[in-house]
Amino acid sequence: MTIDSVRGVPDTPEPAEPELVQLLTPEGERVEHPDYPLDLSAEEVRDLYRDLVIVRRLDLESVALTRQGEVGLWPSLLGQEAAQIGSGRALSENDMVFPTYREHGVAWCRGVDHLNMIGLFRGVSHGGWDPTEHNFHLYTVVIGSQTLHATGYAMGVQRDGVLGTPSAAATIAYFGDGATSQGDVHESFVFATVFNAPIVFFCQNNQWAISEPLEKQSRIPLYRRAQGYGFPGLRVDGNDVFACLAVTRKALENARTGQGPTLIEAFTYRMGAHTTTDDPTRYRLKAEEEAWKLKDPIERVKAYLVRNDLAETGFFEKVEDEAKQMGRELRDGCLSMPDPGPLAMFENVYAEPHPLMTEEQEQFAAYLASFEEESR
Amino acid sequence: MTTLTLGKAMNEGLRKAMENDPKVLVMGEDVGKLGGVFRITDGLQKDFGEERVIDTPLAESGIVGTAIGLALRGYRPVVEIQFDGFVFPAADQIITQLAKLRMRSLGSLELPVVVRIPWGGGIGAVEHHSESPEAYFTHTAGLRVVACSNPLDAFAMIQQAIASPDPVIFFEPKRRYWDKAEVDVESAPADWAPLHEARVVQPGEHATVLAYGPSVKTCLEAAAAAAEEGRSLEVIDLRSLNPLDIGTVVDSVNRTGRCVVVHEAPVFSGFGAELAARITERCFYRLESPVLRVGGFSAPYPPSRNEDHYLPDLDRILDAVDRTFAW
Ligand SMILES: Cc1ncc(C[n+]2csc(CCOP(=O)(O)OP(=O)(O)O)c2C)c(N)n1
Ligand SMILES: [Mg+2]
């Protein structure tokens, strides 16, 4: 680059068109990539397919529950299933995940009951699961904050001296394209690179931050930002579960073996509204959505299974039935979910007893009881 | 007169300010095509262009920091923080820079930046979307802090805030965005009360109730309920928290001898503490009972299923009023 280089379009050595790592085309054709060999058994492919179908079904059911007023709002993962399942299934048990608020598919991979997320958006809790039990941190609503927590966690793993041993753990931080503008995200890149932290930055570029298209956040492809900080960045087809799996596996392995951070930009699309309260018709064209529909993450796996005759008869129906059953169970679980009860507000604010919490809790309990006495 | 929601009145006020002064800019996340998540800036980009209504990158510190720079270059930026809980990434720019540049320049700089914050609870939202951070800002010298409670004030106060040569933190009661009232959109500054003047919204004799923003309506409902039991409450909408129109407050409490302060923010170290202290200092011999405070609890804003318990409601306000009489 020289001082007169065209702004926003870096010249050599980067190619003009960003390279996209892809192992499965939208038509379901397997392609090879020299850096990311991937050998999956038929069963593994079927398992990925099942994951994709189930998380989509749970998501659709969550949207429906929201429309019916049972949940306050829902950030749908529709369209991003492959990015989440691919990266989520690349994780080892020891690895630690720091999600945003949309990673329901990764949560599934970590064994977090989807009802917990429903509880959060229903307004029953602010979190709901024990992050240490699943190595899946709480959802973070404040854009970008979690990337710093992830970096610090990775620095902790580094200090444990376990990198390169069987107890090594990588940390993965999820965030969106919009989040890449936040100071916290830039600072996490700086810390990660300076300390060579064992972390994978997994950016789901779903092209939109609510109503703002990517151009409002960046003049260069997001993955290329990593170069400026001094660590590798690459772009993967975020609708290709194989590619997401292979790329994330490799980046995680690099982290675990002490080779430092990687930025993965999963190029995908938010097929739904930002959340159920959003109205995308105000800011984007139907044609764009239609074009991305053709790149559906699930259809291509199905096509691959069919094309290569890897699914026994009745397999697709079986998965569909199972997903529907899980959707029904989710609905029942949501409808029968107990409210937290007013006095829960004062609990777990501090680790040790706190006089003001105790006082306010007791006063409020007495206040509530006074109504019961009145109505007697 | 036109019937407007509070949200639409905000929109009309912003529009007027932009028409009257080409230096007025609107900036924030999703304020352009979308018109903001609450549609407060709806249509402004279409009418005033992308140079004046700016969809910014997703970075609050960046938004306020660049607004400061634009102000230094003679613009009057009106910044939208999407939700109250997201003002914190910008807190550094607001507290260490925006609030202090005038003083540091010995008065040579003006910082006419307005930071609009859709604020408070009651809409069933997730975490960080229902916060009441006003005390952090009233505690910071150099900032003016105001809160509107109704459509007419929304329309007028936003224009007054934009006209102010000082930085203004402008709190908008988001759960009241859909409340309607008659607004004269042709009215001009001469028709409006000064920005930093409190207003007696319900005259009364037996006790004074102080409120601002979303709590004003709740207090008026409480006053109506109290009236049925023969108790006359005077409700004051503070409108401005810093500077504070303590004169209006003191006049009232000296007459009634009793005072209840209501806000959604936690009571502990909240703005009500400032009010209680000042009233005690100035009305000590007229007070029949201590100033009582009703507000959010000292716990974090709860998951929405509990927010009706957390927010001061009619019963808790009347309970506090009763206690001032039982003293
Ligand atoms: C600090 C902060 N500012 C603003 C918001 C409001 N907000 C929620 S989601 C969002 C857009 C996020 O876009 P992106 O990072 O691309 O993630 P996506 O929602 O597309 O998954 C915004 C502005 C927030 N949650 N936190
Ligand atoms: Mg996005």
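Visitor: What kind of model is it?

Guide: It's a predicted model.

Visitor: OK, metal first. Which residues coordinate the magnesium ion (ligand 2)?

Guide: A:Asp177 through OD, A:Asn206 through OD1 and A:Trp208 through its O, at 2.1 Å. The spacing of those donor residues in sequence reads D-x28-N-x1-W.

Visitor: And where do A:Asp177 and A:Asn206 sit?

Guide: A:Asp177 is in the loop between S2 and H7 of chain A, while A:Asn206 is in the loop between S3 and strand S4 (208–209) of chain A, so the pair ties together parts that are 29 residues apart in sequence.

Visitor: Is A:Asp177 buried or exposed?

Guide: Buried, because its relative accessibility is 1% and the cut-off for buried is under 20%. A:Asn206 counts as buried too, at 5%.

Visitor: What does S3(A) pair with?

Guide: Strand S2 (residues 171–176) of chain A runs parallel to S3(A), with 6 bridges joining them. In that pairing, A:Tyr174 has A:Phe202 as its bridge partner. Strand S7 (residues 262–267) of chain A also pairs with S3(A) in the parallel sense, over 6 bridges. There, A:Gln204 stands opposite A:Ala266.

Visitor: What do S2(A), helix H7 and S3(A) make together?

Guide: A right-handed β-α-β unit, with H7 covering residues 183–195 of chain A.

Visitor: Zooming out, how is chain A divided?

Guide: Into domain 1 (12–340) and domain 2 (344–374). Taken over C-alpha atoms, the centres of those two domains of chain A are 40 Å apart.

Visitor: What does UniProt place at residues 52–325 of chain A?

Guide: An unreviewed UniProt entry gives "domain: Dehydrogenase E1 component" for that span. Residues 52–325 are 46% helix and 11% strand, and their end C-alpha atoms lie 15 Å apart.

Visitor: Switching to backbone angles. Which residue has a positive phi near 50°?

Guide: A:Asn135 has one, and it's a residue other than glycine. It sits in the loop between helix H5 (131–134) and helix H6 (145–160) of chain A. A:Asn135 is buried, with a relative accessible area of 17%. A:Ile210 also has a positive phi near 50°, and its place is the loop between S4 and strand S5 (212–213) of chain A. A:Ile210 counts as buried at 11% relative accessibility.

Visitor: Now chain B. What annotation covers residues 4–179?

Guide: In UniProt, again from an unreviewed entry, it's "domain: Transketolase-like pyrimidine-binding". That stretch of chain B is 36% helix and 18% strand, with end C-alpha atoms 8 Å apart.

Visitor: In what order do the 7 strands of the open sheet in chain B come?

Guide: S3-S2-S4-S5-S7-S6-S12, with mixed pairing. Strand S3 (53–55) and strand S12 (240–242) of chain B are at the edges with a single partner strand each, so one side of each has no neighbour in the sheet. From one strand to the next, the twist averages 20°. Within chain B, strand S4 (residues 76–80) and strand S5 (residues 114–119) pair in the parallel sense over 3 bridges, and B:Val79 has B:Val115 as its bridge partner.

Visitor: What about the sheet with 5 strands?

Guide: That one in chain B is open as well, ordered S9-S11-S10-S13-S14, and its pairing is mixed. Its edge strands are S9 (199–202) and S14 (292–296) of chain B, each pairing on one side only. Neighbouring strands there are turned by 25° against each other on average, ignoring direction. Strand S13 (residues 259–266) of chain B pairs with S14(B) in the parallel sense over 4 bridges. B:Val260 has B:Leu292 as its partner in S14(B).

Visitor: Last one: where is the cis peptide bond?

Guide: Between B:Asn242 and B:Pro243, with omega about 0°. B:Pro243 lies in the loop between S12 and helix H9 (246–256) of chain B.

Note on methods: Residues are numbered from 1 along each chain as its sequence is written. Chains are lettered from A and ligands numbered from 1 in the order in which they are written. This is a predicted model: local features need pLDDT of at least 70, side-chain atom pairs count only at pLDDT 80 or more; totals for chains, interfaces and linings use all residues. Side-chain values use heavy atoms; hydrogens and water are left out. Two strands pair if DSSP finds at least two bridges between them. Helices (H or I, at least four residues) and strands (E, at least two) are DSSP runs, numbered from the N terminus. A crossover is right-handed if, with the strands pointing away from the viewer, the path from the first strand over the helix to the second runs clockwise. Domain bounds come from an automatic or database domain assignment. UniProt positions are given in the numbering used here, feature names are shortened, and annotations may be inferred rather than shown by experiment. Donors are N, O and S atoms within 2.8 Å of the metal (3.2 Å for Na, K and Ca); water is not among the atoms, so sites may look incomplete. Buried means under 20% relative accessible area, exposed over 50%, partly exposed in between (1.4 Å probe, protein chains only). Axes are lines fitted to C-alpha atoms, for helices over the stretch in contact, and angles run from 0 to 180 degrees between N-to-C directions.
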